[in-house]
Amino acid sequence: CEAAMALEARAEVENKATTLAQLQANLTVLQLMLAAGCHDERAADQVSRCEAAIGLCDATEVLESAAYFHLLRSLLELRVGRQDGLRSALSEAARAITGLMERAATARLLPPDFLEILYDLLASQYHRLGGDYAEEKSRIQQAHALIRKQSAMMGSDPRSAEFEPYYQLLTFLVVESEVVSLLTRGMIREAMKCVLRLASLVDGSPDHLGPLEPSVHLLLGSLSTICGNFESAERILNVAMATASDDRSRDLAKLQLCLLELERGGQPAGDAADRVEEVRSTFAERDSAYPAALLCDVTLSERRGDTAPAKRKVQEVIKTANEKGDRQVLALGLMEYARILMREGDTTLSKQVVDSAKGMATHVKHLPTLISALRVSDQGGILPAVLDKWDAMVGERGEVQRW
């Protein structure tokens, strides 16, 4: 009888070990898929496998793995622009992280505070997409504080050397997110300071952060575009595309170049059409960048004078940008729609759409779109003050020598 009980206990232990190993294997596969830019049905299937594996484990014993899984799921939802899914995944991650803290459990698989920092980073991006910049800033500050805490403790843990690259990467990602937020709001001076910090991080740790150098070029290209320095932007974005170590970075550089060339004009119609078609075929409808890619198509149709196709496409831009929570592209799409309506002579609807674009641009603090809207409709006479503010910010931009 005792032998049977012992065999049963051993089988239970072996089964538990097998289940935990299966969970870790599935999480590793999901992490690799996301790192490779896979966010289609295959990634969704892998999410289901991870959920099933977690369901087979004792919930209290896999809190760390569960929290990491929900953060990976948040990354996937962010990439495809599913706001409800992102909110749900972040909520589940917060619940698991809180459970770990309540149990005073020590991280066994990941560096200390890694989960909390990654959660704050992803939550900040969720709040930015919703235009809640105060909460976004709070999350960013929390992430920086946790990184500083761990940096101060570096050396007290035998695994400090092993952990350091993780915190360097997290620092880069948090500052990168800050730059995106600052550029969205037209805060040029502050954005430049953060970009310089990113460049310094890469220069200071080329072995660990060197592959992220194209991301710095992407942000510099965006900065130059916003400031109207198109020649510099084109040069920098071409460098970003040529040096990108992954398809995602290369595709985003291609998208920015397409938008830049369409804004500048002067490109032969055939070349522009080829560039737009290449971008449109790159970003599937499920991708969070799809509305921006479709906006290239709208601009090309407008340049050709194809009003009907442009109108149909810009309505799709507005619809998908709203669904994916991309308020910046939504504001741009509304402004393009207003211009089309004005050309058609629909003054009533165009005024309503301009007001909507103005409201959205104000909400997300996107100064370029707000200026465009005020040029069309400035009953309050505030355009000169906004332009002075914009000129002051753009005029403060600096030059990055090596980058």
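Me: What is the relative accessibility of Glu 61, and what does Glu 61 count as?

Reply: At 34% relative accessibility, Glu 61 counts as partly exposed. Buried means under 20% relative accessible area, exposed means over 50%, and partly exposed lies in between (1.4 Å probe, protein chains only).

Me: What kind of model is this?

Reply: This is a predicted model, in which local features need pLDDT of at least 70 and side-chain atom pairs count only at pLDDT 80 or more, while totals for chains, interfaces and linings use all residues. Residues are numbered from 1 along each chain as its sequence is written, and side-chain values use heavy atoms, with hydrogens and water left out.

Me: Where is Glu 61 found?

Reply: Glu 61 is in the loop between α2 (41-55) and α3 (63-80). Helices are DSSP runs (H or I, at least four residues), as strands are (E, at least two), and they are numbered from the N terminus. The C-alpha atom of Glu 61 is separated by 9.4 Å from that of Leu 20, although the two residues are 41 residues apart along the chain.

Me: Which helix holds Arg 327?

Reply: Arg 327 belongs to helix α16 (residues 327-344). With a relative accessibility of 21%, Arg 327 counts as partly exposed. Arg 327 is 143 residues away from Thr 184 in sequence, yet their C-alpha atoms are 9.8 Å apart in space.

Me: Changing topic: how many salt bridges are there?

Reply: A search of the whole structure finds 20 salt bridges. A salt bridge here is a side-chain nitrogen of Lys or Arg within 4 Å of a carboxyl oxygen of Asp or Glu.

Me: Why can such side chains pair?

Reply: Side chains of opposite charge can pair when their charged atoms come close.

Me: Which residue does Lys 149 pair with?

Reply: Lys 149 meets Asp 113 in a salt bridge, at 2.8 Å from N to O. Lys 149 lies in helix α6 (residues 133-152) and Asp 113 in the loop between α4 (83-102) and α5 (114-129), so the pair ties together parts that are 36 residues apart in sequence.

Me: And which of those side chains is buried?

Reply: Asp 113 is buried, with a relative accessible area of 13%. Lys 149, at 40% relative accessibility, counts as partly exposed.

Me: What about Glu 261 and Arg 275: buried or exposed?

Reply: Both Glu 261 and Arg 275 are buried. Their side chains form a salt bridge of 3.1 Å, N to O. Glu 261 is in helix α12 (residues 247-264) and Arg 275 is in helix α13 (residues 269-282), so this pair ties together parts that are 14 residues apart in sequence.

Me: Where do Lys 351 and Asp 355 lie?

Reply: Lys 351 and Asp 355 are four residues apart in helix α17 (residues 347-363), so about one helical turn separates them. They form a salt bridge whose closest N and O atoms are 3.3 Å apart. Lys 351 is partly exposed at 43% relative accessibility, and Asp 355 is partly exposed at 33%.

Me: Now the helix packing. At what angle do α10 and α11 pack?

Reply: Helix α10 (residues 213-226) and helix α11 (residues 230-243) pack at about 160 degrees, with their axes 8 Å apart. Axes are lines fitted to C-alpha atoms, for helices over the stretch in contact, and angles run from 0 to 180 degrees between N-to-C directions. The two helices α10 and α11 are therefore roughly antiparallel. Angles over 145 degrees count as roughly antiparallel, under 35 as roughly parallel, 65 to 115 as roughly perpendicular and the rest as oblique.

Me: Which residues make that contact?

Reply: Among them are Pro 214, His 217 and Leu 218 of α10, and Phe 230, Ser 232 and Ala 233 of α11. Contact means heavy atoms within 4.5 Å. By class, the contact of α10 with α11 has nine nonpolar, six polar and no charged residues. Ala, Val, Leu, Ile, Met, Phe, Trp, Tyr, Cys and Pro count as nonpolar, Asp, Glu, Lys and Arg as charged, and the others, Gly among them, as polar.

Me: How do α8 and α10 cross?

Reply: The axes of helix α8 (residues 188-204) and α10 come within 10 Å and cross at roughly 160 degrees. Helices α8 and α10 are therefore roughly antiparallel to each other. Their contact has 12 nonpolar, no polar and one charged residues.
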